[in-house]
Amino acid sequence: MRIRVLAVVAACAGLASTALADPPPTPQPTTGDFEIHDFRFQSGETLPELRIHYTTFGAPRRDAAGHVTNAVLIMHGTGGEGRSLIRPEFSGQLFGPGQLLDATKYYLILPDDIGHGHSSKPSDGLRAHFPHYDYADMVEAEHRLLTDGLHVDHLRLVMGTSMGCMHTFMWGEAWPDMMDALMPLACNAVQIAGRNRLWRDMEIDAIESDPDWKGGDYAAEPMRALRTAMDITIIAGSAPHQMQKALPTRDAADAFLQRVLAARLPELDANDELYAIASSRDYDPSAGLGRIKAYLMWVNSADDFINPPELGLAEQQVKEIRHGRFVLLPIGPNTHGHGTHTYAVAWKDHLAELLAESAR
């Protein structure tokens with residue numbers, strides 16, 4: 001498993017995380033692969049076999065008409081994978097007995113998106129000749145996995161973190177009658193622009209301008225480029241208040257950076273990183289927010305570098321969503337910058353509200 005952006009965000013954000021009580025035991029997951037034949041990408045490129053890996057907890061339940069009633073789709077962030085969310089801060093707070101997404105009651109589905117985890121990706125062999133996927137391709141593959149692969153025709157809840165947050169809006173617009181509730185965590189519903197676009201451009205430029213990248217056909221990883229990309233990712237995912245508490249001296253901060261780089265850099269692949277960062281290029285659900293029918297609970301945190309609250313975007317856009325609510329979490333002991341999306345203790349009360357108000 002390559003640990004990339006999500007892991008780095010978690011490492012930065014969780015430096016001084018609040019101690020959590022031992023969660024109830026999490027049920028054991030099941031994994032699988034779904035093959036989509038002759039998948040056509042938005043770019044016009046095709047792949048004879050697109051593999052989508054997934055992790056599930058629990059089992060589907062069906063009503064008298066055969067419709068699934070308990071499925072929950074949970075989508076990861078850029079550089080992550082379904083298993084990225086199997087951790088004490090997330091699954092340990094949600095999936096256990098008696099918890100909000102109790103796996104004995106719900107059918108929890110965590111896919112690895114195109115280009116991530118154990119799904120098809122450039123580093124499998126095609127390198128820079130892999131199709132140039134975007135978010136629309138990723139969401140289409142998620143939908144094919146659920147409907148054709150797992151035979152799920154209805155979702156009790158769709159939720160996602162960061163990139164998965166953005167996919168959540170796309171799901172709500174593309175299939176508005178397929179779900180009861182939506183919970184986007186840590187994103188905005190506009191085109192990737194401003195500073196959010198700039199840091200992505202910087203990572204892409206660092207890789208493509210490194211002579212060792214060789215147009216994607218490198219024999220050894222372009223380490224200068226990957227180090228720059230990792231440096232930018234660390235800052236983008238950082239939480240200043242948590243970092244100041246955890247790294248109060250110059251030496252502590254210096255040691256942290258070297259420790260993170262030493263652990264993460266050997267596990268990166270430049271083409272995978274480049275494609276994953278570039279895949280956000282066409283994202284812009286702003287024109288279709290009015291098509292969303294499901295109850296929606298949109299949660300961002302006030303210390304998020306990637307989605308800074310001072311822009312005021314969410315407060316305005318949520319008004320276009322019929323059953324939409326927006327919550328901005330104030331900075332506190334349970335917020336961890338952009339990585340707050342993975343700390344369910346910070347927002348699970350709002351999930352409880354959403355599940356209650358969207359119950360049939």
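Let me start with the residue classes: Ala, Val, Leu, Ile, Met, Phe, Trp, Tyr, Cys and Pro count as nonpolar, Asp, Glu, Lys and Arg as charged, and the others, Gly among them, as polar. Keep those in mind for later.

The model is predicted, so local features need pLDDT of at least 70 and side-chain atom pairs count only at pLDDT 80 or more, while totals for chains, interfaces and linings use all residues. Residues are numbered from 1 along each chain as its sequence is written, and side-chain values use heavy atoms, without hydrogens or water.

First, the sheet. Helices (H or I, at least four residues) and strands (E, at least two) are DSSP runs, numbered from the N terminus. Two strands pair if DSSP finds at least two bridges between them. Here eight strands form an open sheet with mixed pairing. Their order is S1-S2-S4-S3-S5-S6-S7-S8. On average, neighbouring strands are turned by 20° against each other, direction ignored. Axes are lines fitted to C-alpha atoms, for helices over the stretch in contact, and angles run from 0 to 180 degrees between N-to-C directions.

Look at S6 (residues 181-185) and S7 (residues 295-301). They pair in the parallel sense over three bridges. Leu-185 has Val-299 in S7 as its bridge partner.

Next, two helices on the sheet. Contact here means heavy atoms within 4.5 Å. H3 (residues 135-149) lies across S1, S2 (46-57), S3 (71-75) and S4 (107-111), running at about 115° to S1. H4 (residues 163-174) packs on the sheet too, touching S3, S5 (157-161), S6 and S7. The direction of H4 makes about 150° with that of S5.

How many does the structure hold? One, counting a pair of cysteine sulfur atoms within 2.5 Å. Cys-165 is joined to Cys-187, S to S 2.0 Å. Cys-165 is in H4, and Cys-187 is in the loop between S6 and H5 (194-208). They are 22 residues apart, so the pair links distant parts of the chain. The torsion about the S-S bond is about -65°, so this disulfide is left-handed.

On a 1 Å grid over the protein atoms alone, a cavity is a set of points where a 1.4 Å probe fits but cannot get out. A pocket is an open set with protein on both sides within 12 Å along at least five of seven lines, and lining residues have an atom within 4 Å of a point. Grid points are joined across faces, edges and corners, and a volume is the space filled by probe spheres set on the points.

There are two cavities of 30 Å³ or more. Which element gives the most to its lining? H10, with three residues. That lining divides into six nonpolar, four polar and one charged.

The second largest cavity holds about 40 Å³. Leu-185 and Val-299 return here, among the lining residues. S7 supplies the largest share, three residues. By class, the lining has five nonpolar, four polar and no charged residues.

Last, the second largest pocket, with about 160 Å³ of space. H6 (223-236) and H8 (250-264) each give two or more residues to its lining. The largest share, four residues, comes from H8. The classes are seven nonpolar, no polar and two charged.
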